[in-house]
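Please keep the sequence and the 3D view at hand while reading.

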Amino acid sequence: MKFTNGFWRLRDGVSAIFAREAYDIEATEHSLVVLAPSKVITQRGDTLNRPLLTVTLTAPLPHVIGVRVEHHTGGGDHDGFDLVGARDGVGVVHVCDEEATLTSGDLVARIARTGDWTLTFERGGVPLTTSGPKSIAQFTLEPGTPMDGPAADIVHALGGPGPQHYVSQQLSLGIGELVYGLGERFGPLVKNGQSVDCWNADGGTSSEQAYKNIPFYLTNRGYGVLVDHPGHVSFEVGSEGVENVQFSVRGERLQYYVIAGGDPAGVLERYTALVGRPPEVPAWSWGLWLSTSFTTDYDEATVTSFIDGMAQRRLPLSVFHFDCFWMREFSWCDFEWDTRVFPDPEGMLARLHDKGLKVCVWINPYIAQRSRLFEEAKRAGYLVRRADGSVWQWDLWQAGMGLVDFTNPEATAWYQQHLRHLLDQGVDTFKTDFGERIPVDVIWHDHSSPERMHNWYTQLYNEAVTAVLCEHAPGEAVVFSRSATVGGHRFPVHWGGDSSSTFPSMAETLRGGLSLAFAGFAYWSHDIGGFEGSPDPAVFKRWVAFGLLSSHSRLHGSDSYRVPWAFDEEAVEVTRRFSELKLSLLPYLLRAGRQAHERGLPVMRPMALMYPDDPAAAYLDRQYLLGDDLLVAPVFDAAGDVHVYLPAGTWTPLLGGEPVTGPVWRRERHGYDSLPLYVRAGAVLPRTERVEGTDGPWLDGLLLDVTPAPAGTAREVEVTEPGGRTATYRVEWTASGATAVSGSDEAWSLRPVGGAAVAAVAGRAEVSW
């Protein structure tokens, strides 16, 4: 949201109160409270008729400093995000004549006590970012001032006739400093130059809107910023003022946190320590998911033909998903199977389980007027209401639908009870669709701010569903969710929403996933082949390779099926090849999932996250690391042409070929059964030859694929299989090879990537290059 007209002027209809100096500083043991008047005070008379901004500094965790900017404080509580890691008593305060400091771990905030307003954040004596003169402000927009985007919609619904107030903060950008994150955004990965509204919307993958808006960014200088505001947050990233990032919120108060990490991965580790880490997800969820698709015709015979067709073609399948029309049309959600096409749901679900499959069904948080549950929910007060007491309804998506009010504990329990019935029938998990189109002209049961609830609603929705799954099958809970806000990564898995069946949409989908990874979302998927339209065989086959080298993999479309044989026989072969490749890598991938749980690192990692000091990696948005050691570059071209960048070191092709020494750009051409898939130097890839499914066991017959590393290098790898059995392997490199040792009683082997395996004898194996 822009307030200025160039460097010197404000926009017409806009006035401002700027923090001009740190006039007075109150220090407590762990915080600083700064009075910042709108003028440098030179005499007593300057204190009269003078607005103040109050700036409070605290430290919720080591290496994290919170800043709260307030104008008028009489407006009541301001709920932020659920900062599950925050604690009291962290910051160390020091005040002298020249400055006041708050130290939190290796992060220091310095406030100048003389001269113009200056607040600097530094690590190890090196400035990270600065709030300088006129960088903190409250802006007032007079009635009639032109607005657009979410801000205009909010004012139209809630603002009334009076002036609108916004609190804003600018933080400086250094030369060459690049900004990443802000949720699952499908435009350029580097956010510099962009205006970004954090306001959840159902806009597909080809627009500036986003399903998962996360008001958190990090930069290549090794720090991040979380704006603690669940409602609309507007970012100007080197756009309104090219030397800074500006963020603003409606109202009288702004809270944000600066997080130091040394490098982007360290920032992400500390950010997830504050907002929570993702759980580990069960092994079966990593296998291939197949869907009915959306508006296609299907019944049990159709479903059975798909599943049997996959088995006949030796295409491993883990989960079958029923999309919306498992329920009767115009009735979503009533949580009842459409008996016209599924007359025996319990029997059908049992038959699917007998085939070794998990079952997922589609749900949303809406209750259509035709649903048998609508009147019950209306009478009980379980649906969101308008100010006049009537149920909020509209006809988009489902005719006359209402919205479940998850701020009402009784409504939440009522919704959950219907899910429990489905679980008792044999359903294993839910696709928690929608949750973005949340109105603001409503009244919530707990009187929450409608603006804040617009983005926060998805958190309550997915938390309610996940809680039921955890209760039903502890350790097995997985949803398949489209919308999210800060903390949503604690309820995986998420998918990228409605893409199109084209190569450009495939590329924008990857950009969205990489952007979301910068917010700690560890597990991410997308509709293989695209959602809208029917992909041609080339798009489908290229997308299959990309999809099966993502953390989670689902075949799903809108009005056409996604079974591979619907395209051509080569599509079947490509699906089998990459399905078996992914299943062989499950011991490695689950270790990446454990890293996500323990450190907050996503499974799919942007190159800029892991190579922040390599300028060539800064803008890369068509390749990524899968876990620690695999570099993946999907092919977005029917002919198979692809450019891939390999950072410094030796990279060994996993699918065959000679090692390559980086840093180097390569132009390669790949058939549909291949893509650039490189293994980093010094890698240890635990793999299995059991590629029929996800349930192991892996330790018996485990393969450790290794690549060369400098002599004296050592790595220890822990492998855990479904059921919890664990073994540890230590690999040491010599000038001519590598040696591995383990106390495992099972048979295992060591293998150079591309070479022959050597079976361990007495817990030891050795290979040469």
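In the contact between helices α8 and α9, the residues F503, S505, M506, T509 and L510 of α8 meet A538, V539, R542, W543 and F546 of α9, where contact means heavy atoms within 4.5 Å. By class, this contact is made up of seven nonpolar residues, two polar ones and one charged one; Ala, Val, Leu, Ile, Met, Phe, Trp, Tyr, Cys and Pro count as nonpolar, Asp, Glu, Lys and Arg as charged, and the others, Gly among them, as polar. This is a predicted model, in which local features need pLDDT of at least 70 and side-chain atom pairs count only at pLDDT 80 or more, whereas totals for chains, interfaces and linings use all residues. Residues are numbered from 1 along each chain as its sequence is written, and side-chain values use heavy atoms, with hydrogens and water left out.

**How α8 and α9 are arranged**
- Two packed helices are described by the angle between their axes and the distance between the axes.
- Helix α8 covers residues 503-517 and helix α9 covers residues 537-547, and the two pack at an angle of about 15 degrees with their axes 10 Å apart.
- Helices α8 and α9 are therefore roughly parallel to each other, a term used for angles under 35 degrees.

**How α9 and α10 are arranged**
- The axes of α9 and helix α10 (residues 569-584) come within 9 Å and cross at roughly 5 degrees, which makes α9 roughly parallel to α10.
- On the α9 side, F540, K541, V544 and A545 meet E570, A571, V574, T575 and F578 of α10.
- The contact of α9 with α10 has six nonpolar residues, one polar residue and two charged residues.

- Among the buried residues of α9 are W543, F546 and G547.

**R351 in α4**
- R351 lies in helix α4, which covers residues 345-354.
- With 36% relative accessibility, R351 counts as partly exposed, the class between 20% and 50%.
- Leaving aside residues up to four places away in sequence, R351 touches E300 and D344.
- R351 and T304 are 47 residues apart in sequence, and their C-alpha atoms are 9.3 Å apart in space.

Technical notes. Axes are lines fitted to C-alpha atoms, for helices over the stretch in contact, and angles run from 0 to 180 degrees between N-to-C directions. Helices (H or I, at least four residues) and strands (E, at least two) are DSSP runs, numbered from the N terminus. Angles under 35 degrees count as roughly parallel, over 145 as roughly antiparallel, 65 to 115 as roughly perpendicular and the rest as oblique. Buried means under 20% relative accessible area, exposed over 50%, partly exposed in between (1.4 Å probe, protein chains only).
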